[in-house]
Amino acid sequence: MSTLRDQINAAVGAHGLWKGRLVTAIQTGKCEHNSGKVEMDNQCDFGKWLHQTIDAASKATPDYQAVKEMHARFHKEAGKVLRLVEGHKVDDAKKALEGDYAKISSQLVQLLTAWKSKAN
């Protein structure tokens with residue numbers, strides 16, 4: 001069974017890959033992922049763990065609540081970028097990627113890092 005630290009490390013890595021996927025989607029005009037599914041924060045491995053597997057004691061912490069909220073915002077923004085790509089609005093997708101997506105992605109990593117520093 002993986003620890004909280006393991007899950008957070010995996011989440012940082014997996015969510016870090018999304019910027020590359022979004023850049024590629026903007027450059028090519030296509031993505032292997034559907035914007036509607038990407039928007040859902042309970043479909044990625046970390047989201048499934050966050051919503052279904054994590055223990056009750058961890059769910060009761062302020063760190064969990066903050067990460068859960070920011071993780072949902074991250075997925076909404078990634079989905080927004082992909083919707084813009086799907087709508088052939090490349091310039092808007094670039095702006096969204098460099099704006100709100102970048103800010104929320106950075107905040108998510110900061111929250112995950114802070115949570116991990118308190119984990120056993």
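## Basis of the model

The model is predicted; local features need pLDDT of at least 70, side-chain atom pairs count only at pLDDT 80 or more, and totals for chains, interfaces and linings use all residues. Residues are numbered from 1 along each chain as its sequence is written, and side-chain values use heavy atoms, with hydrogens and water left out.

## Overall fold

The protein chain holds 6 helices and 0 strands. Read from the N terminus, its elements run α-α-α-α-α-α. The radius of gyration is 15 Å, close to the 14 Å that the globule rule gives for 120 residues, so the chain is as compact as a globular protein of that length. Helices (H or I, at least four residues) and strands (E, at least two) are DSSP runs, numbered from the N terminus. The radius of gyration is taken over C-alpha atoms, and the globule rule is 2.2 Å times the number of residues to the power 0.38.

Along the principal axes, the C-alpha atoms fill a box of roughly 45 × 20 × 20 Å. Contact means heavy atoms within 4.5 Å. Take the contacts between residues at least 6 apart in sequence: 74% of them join residues at least 24 apart.

## Surface and charge

Of the 120 residues in the protein chain, 36% are buried. Buried means under 20% relative accessible area, exposed over 50%, and partly exposed in between (1.4 Å probe, protein chains only). The accessible surface of the chain comes to about 6900 Å². Carbon and sulfur atoms account for 50% of that surface. Areas come from the Shrake-Rupley method with a 1.4 Å probe; for residues, only the protein chains shown count as cover.

The chain carries 18 positive and 14 negative charges, and their mean positions are 1 Å apart. Lys and Arg count as positive and Asp and Glu as negative, while His and the chain ends are not counted. A charge is placed at NZ of Lys, CZ of Arg, CG of Asp or CD of Glu.

## Helix α1

Helix α1 covers residues 4–28, 25 residues in total. From its first C-alpha to its last it reaches 36 Å, close to the 36 Å expected at 1.5 Å a residue. The expected span is 1.5 Å times one less than the number of residues. The buried residues of α1 are L4, Q7, I8, A11, H15, W18, L22, A25 and I26. Their cover includes α2 (35–38), α3 (45–53), α5 (62–86) and α6 (90–118).

K19 lies in α1 and is partly exposed, at 48% relative accessible area. Leaving aside neighbours within four places in sequence, K19 is in contact with L97 and Y101. Its C-alpha is separated by 14 Å from that of V85, 66 residues apart along the chain. Q27 is also found in α1 and is exposed, with a relative accessible area of 63%. The C-alpha atoms of Q27 and G16 are separated by 18 Å, at 11 residues apart along the chain. Just after α1, G29 takes a positive phi of about 80 degrees.

The 25 residues of α5 should span 36 Å at 1.5 Å a residue, and its end C-alpha atoms are 36 Å apart, which agrees. H71 has its place in α5. H71 is buried, with a relative accessible area of 0%. Beyond neighbours within four places in sequence, H71 is in contact with H15, D41, C44, F46, G47, L50 and L108.

H88 lies in the loop between α5 and α6. H88 counts as exposed, at 67% relative accessibility. It has a positive phi of about 60 degrees although it is not a glycine. Most residues other than glycine have a negative phi.

## Helix α6

L97 lies in α6 and is buried, with a relative accessible area of 7%. Leaving aside neighbours within four places in sequence, L97 is in contact with K19, L22, V23, I26, V81 and A102. The C-alpha atoms of L97 and E32 are separated by 17 Å, at 65 residues apart along the chain.

V90 lies in α6. V90 is partly exposed, with a relative accessible area of 32%. The C-alpha atoms of V90 and E32, 58 residues apart along the chain, are separated by 17 Å.
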